[in-house]
Amino acid sequence: MPWIRIASGGVAIAIALLMIILGGWYFTIAFGIIVYLGQLEVFALTKAKGINAAVKTTLIVSQVLLMSAHIAPPLTDAILSLAGTCICFYVLFQPKFATIADVAASILGLFYGGYLPSYWIRLRDWGSDLTNLPLGGYWPTDWHLESLPIGLVHTFLAFACIWAADIGAYVAGRTFGRTPLTNISPKKTVEGAFCGIIGSLFVGCTGAWLMQWPLWWITGPAFGTMIGVSSLLGDLTESLMKRDAGVKDSGTLIPGHGGILDRTDSYVFTAPLVFYFITMLLPSLPGVWPGS
């Protein structure tokens, strides 16, 4: 099983790298597919609890939200409110009397499954006016760091921190993990969580140094630690939902990993934190910011 997990994880990373490099509508459409499949798994978990969420409506408005994140990012927050209104309207006017759980699960699917991931699209598009492919895509002709779109570089750095956190936690947990972290996910250990955060911290610090962030010796470790902790919380949140629904995995799409949610849960809460850290915090610090 570990070899199957490693192979499928390698394929997933290769696809993610291609998405990040191409950007534009390539990144948006690919992300839309991932969100769609992930939301199906979220609603499968709620259905296992006997909850009747507004599945079709949520899936549709979530795709509109993701497209708005690419076309007009400032409108995304407004569309979230409108999307929530549409979902509530649909749920409340069903022939069967709706419950609080039906409304809550529908909004959860929208916020957790659609809105939070939209920040990755905003980040990849941020400051990226370099295009040399149809559909706003980009393929590097010069692989030097300073020649690449800033959104591409920072999206890759954030993903690399998550990969380091996941790999570090998995390897350390299996090798010498002994102390249970939480009853929510019995296989997770304190040792694994600590090593995952350290791995993310190291990658964040290295990336900050290479890109010469302001106060990189502080912002780099802070960035890596933030991602390490938020990716762990995302993992535990999905574990909580699976435990409540009484299932081991959210799906069977990815060999050795389970479903889409099992592979992407670390990215959900991380997305807005990374976006605002890079676009708001770093430019406010003293020093030369490469995004200016």
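**Ground rules.** I number residues from 1 along each chain as its sequence is written, and I leave out hydrogens and water, with side-chain values using heavy atoms. For this predicted model, local features need pLDDT of at least 70 and side-chain atom pairs count only at pLDDT 80 or more, while totals for chains, interfaces and linings use all residues.

**Annotated spans.** I looked up the unreviewed UniProt entry, where "transmembrane region" covers residues 12-38, 75-93, 100-121, 148-171, 192-210, 216-234 and 267-289. UniProt positions are in the numbering used here, feature names are shortened, and annotations may be inferred rather than shown by experiment. I checked residues 12-38: the chain is 96% helix and 0% strand there, with the end C-alpha atoms 15 Å apart. Residues 100-121 are 91% helix and 0% strand, and their end C-alpha atoms lie 31 Å apart. Helices (H or I, at least four residues) and strands (E, at least two) are DSSP runs, numbered from the N terminus.

**Domains.** I have domain 1 at 1-139 and domain 2 at 149-291; the bounds come from an automatic or database domain assignment. Their centres, taken over C-alpha atoms, are separated by 19 Å. Domain 1 gives 32 residues to the contact and domain 2 gives 46 residues, where contact means heavy atoms within 4.5 Å. About 3,600 Å² is buried between domain 1 and domain 2, and carbon and sulfur atoms give 78% of that area. Buried area is the accessible area (1.4 Å probe) that two parts lose on being put together, summed over both.

**α9 with α10.** I find α9 (residues 216-245) packed against α10 (residues 260-268) at about 140 degrees, axes 6 Å apart. Axes are lines fitted to C-alpha atoms, for helices over the stretch in contact, and angles run from 0 to 180 degrees between N-to-C directions. On the α9 side I list Ser231, Gly234, Asp235, Glu238 and Lys242; they meet Leu261, Asp262, Asp265 and Ser266 in α10.

**α10 with α11.** I read an angle of about 35 degrees between α10 and α11 (residues 270-281), with axes 5 Å apart. Ser266, Tyr267 and Val268 in α10 meet Thr270, Ala271 and Pro272 in α11.

**Positive phi.** I noted Leucine 135, not a glycine, with a positive phi of about 65 degrees; Leucine 135 sits in the loop between α6 (118-125) and α7 (150-176). Leucine 215, also not a glycine, has a positive phi of about 50 degrees and is found in the loop between α8 (190-210) and α9.
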